[in-house]
Amino acid sequence: MLTTVDGKPLKEALAHAQSRAKRRAFLLVLPLLAFIIVSFIFPIGQMLYKSVNNTGFTISKDFGTGVSTPIMTNLAEWFEENPQGTDPDETAYAALAADLVVLRELKAPGQAGTRINYELSGSRSMFTKAARKAKKLEPPFKEAIIDLDEDWADPSLWQAMRTASIAVTVNFYLAALDRKRADDGSVEMVPENRQVYVTLFKRTLILSLMITVICFFLAFPIAHLMATLPMRKSNLLMILVLLPFWTSLLVRTTSWMIVLQSQGVLNDAMVATGILADENRIQMMYNQTGTVIAMTHILLPFMVLPLYSVMSMINPSYVRAARSMGATSWTAFRRIYFPQTVPGIGAGALLVFILSVGYYITPALVGGADGQLISNLIAFHMTKSLNWSLAAALAAILLGAVLLLYWLYDRLIGIDNLKLG
Amino acid sequence: MALPTHASTLERVWHYVYLTICALIFLFLILPILIVIPLSFNAEPYFTFTEKMLKFDPTGYSTRWYDLLLTFGMNEPDAPRDSSWWADAWNNAAWINATKNSIIIGFFSTVIATSLGTIAALGLSRPEMPGRRIIMAILISPMIVPIIITATGLFFFYSSIKIQDWGIPYLGVILAHATLGIPFVIITVTATLVGFDHSLTKAAANMGASPTRTFFKVQMPLILPGVISGALFAFVTSFDEVVVVLFVGGLDEQTIPRQMWNGIREQISPAILSVATILVIISIALLTVVELLRRRSEKLRGMSPG
């Protein structure tokens, strides 16, 4: 058996050295990996948890003292004892009345009402109103409470309370897909006039696809030109591609607002040259057109760079050989040149698509009402409507789509081949 | 791409059409960025060229918007411009404060991203690195995950750990921006490490250099261009980032992009164009630096000079 100088078997010594090298390499990466896990992966995990867990109807937290108190416990107990479909009887209303007293003491009727409001709009005020009078309620509670507001007898309200009494729920995902629980607990579509999210997901996909296709048609000729020009000239042209890439996103968006406004540069130029009459200036901003134009401009370098790096590797003698054997320039392009550029097209298209699906800033500024994408709606629920669980559910769906595309990108192109300028 | 002499008429026509198309696409790329520069000198509060501007009448141009930029938010903008006026500007002018915040946040997030990223890239480029593919995918993901999702997650995370009560100003934003800058550092540094001759480090070790000494004397000079351009990318990412700042930044943590965002959303004034012009000039400077670094790096590694 082969051994090292100090008598160890060679195989063992080699394995030992290799595992030490592995450990050493891993130790170099470890600090960064730990950082990313704490500052990025964990927060996203927390967001995903929020999307399936909403304690608005189960726990009240005092932000001054940090103490958490369970709320709506009596009602939760009643729901547990009585299966789905039981009509709420006197004991149920008694439980509700007792819980409302607790809510009043904890100053939490707004919070509990908001949670039910997510499932059934217009119900928040019922909770605040009822809690105010909770102490004065006397048996029979059923009549007393329905006396306050007859909507308390609404079976959909009881269904909503039943779902909300358990913190863990998939209802926000249902809501994010324009669905809701029917009174009997089954899943159904929301009324047509309230369906927003699926349409928005579809619009996001369609606009992203459109932007990707336009980017391809704009990037292909200039990438080809740069790849065939001598190095010195193509480097100059490359600067024209990289300058937008390095310019602030807000600056580029502002520029497009200046150009596309109805009193802006483009409309003014068209009016001045007589292409357009002054009174029918084209509305190119605060709609989908604005979003598509500005986003195409912003994402174009991400298509040009991978295309260029693939095209500059293509050996020109293949096309020359095809031409010398009698192919027309079109045939030579179609059969010989184009197939060789496919890896670059794939890389660029996937990258542009991934980035545009999650775009926020540009649509928010130039999109107007119909140019908004799914990201803008997430921001709306985070900052305006404050329905954080719904925002988290929408974000989770978007994240799922992006990760799928990312996985595809890694599979087809490899993350290692991502290049920046 | 010269046209061969035997080209047919159709090919000639197509060639010129093709060149025109390319020229138009380049104009599409570059014109919207350059157009803000002359417009920022507009004497009128309009976003389009006035007649005077088109006639190159000097009275059509002014630097009033740059002046507004300086004086906006000051206590006494109309006082005589002596040392106390400048002190007022330094302490109170909104855009100057935003610039200070942007630079502080950008600097610290760049330091974190570059140091951690460079060390990790060294490990990632070793052939014996275990689980390379999945780790690389995780480290690049902040660039791929939509910014709104990152901001949402960080909002929940920071409020659950109450980061604003820790007493370190800007901490949340700095950590977030460092996270966003890391993928750029990883990409640029691993790109310079591709084709790195590992026998150089072995030779250094052979001659008795400690790993630290080898790193600073042998590896560092070779990968330095990549590290610097990665750092510039990280800095620009932070300098340009608005969504995370809006979500997790405190009210007093105004940065340049946030100030611009507010300006664009509320009432867009040509002062925004003068900020834009300054930023365009900065990005031209940065691009030049990165381009020079890239050429230097290629030369160092014996690749053909660009």
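This is a predicted model: local features need pLDDT of at least 70, side-chain atom pairs count only at pLDDT 80 or more; totals for chains, interfaces and linings use all residues.

Trainee: How much area is buried between chain B and chain A?

Mentor: The size of an interface is often expressed as the accessible area lost when the parts come together. Here, about 8,300 Å² is buried between chain B and chain A, and carbon and sulfur atoms give 81% of that area. On the side of chain B, the residues that lose the most area to chain A are Phe26(B), Ile144(B) and Phe156(B), which together account for 9% of what that side buries.

Trainee: How many salt bridges are found across the interface of chain B and chain A?

Mentor: The rule finds two across this interface. A salt bridge also joins the side chains of Glu11(B) and Arg323(A), with an N to O distance of 3.1 Å.

Trainee: Within chain B, at what angle do helices α6 and α9 pack?

Mentor: Helix α6 (residues 94-124) and helix α9 (residues 171-193) of chain B pack at about 40°, and their axes lie 7 Å apart. Because of that angle, α6(B) is oblique to α9(B). The crossing of α6(B) past α9(B) is right-handed.

Trainee: Which residues make the contact between these helices?

Mentor: Among them are Phe108(B), Ile112(B) and Gly117(B) of α6(B), and His177(B), Gly181(B) and Val185(B) of α9(B). By class, the contact of α6(B) with α9(B) comprises 17 nonpolar, seven polar and no charged residues.

How values were computed: Residues are numbered from 1 along each chain as its sequence is written. Chains are lettered from A and ligands numbered from 1 in the order in which they are written. Side-chain values use heavy atoms; hydrogens and water are left out. Axes are lines fitted to C-alpha atoms, for helices over the stretch in contact, and angles run from 0 to 180 degrees between N-to-C directions. Helices (H or I, at least four residues) and strands (E, at least two) are DSSP runs, numbered from the N terminus. Angles under 35 degrees count as roughly parallel, over 145 as roughly antiparallel, 65 to 115 as roughly perpendicular and the rest as oblique. A crossing is left-handed if the near helix is turned anticlockwise from the far one by less than a right angle, and right-handed if clockwise. Contact means heavy atoms within 4.5 Å. Ala, Val, Leu, Ile, Met, Phe, Trp, Tyr, Cys and Pro count as nonpolar, Asp, Glu, Lys and Arg as charged, and the others, Gly among them, as polar. Buried area is the accessible area (1.4 Å probe) that two parts lose on being put together, summed over both. A salt bridge is a side-chain nitrogen of Lys or Arg within 4 Å of a carboxyl oxygen of Asp or Glu.
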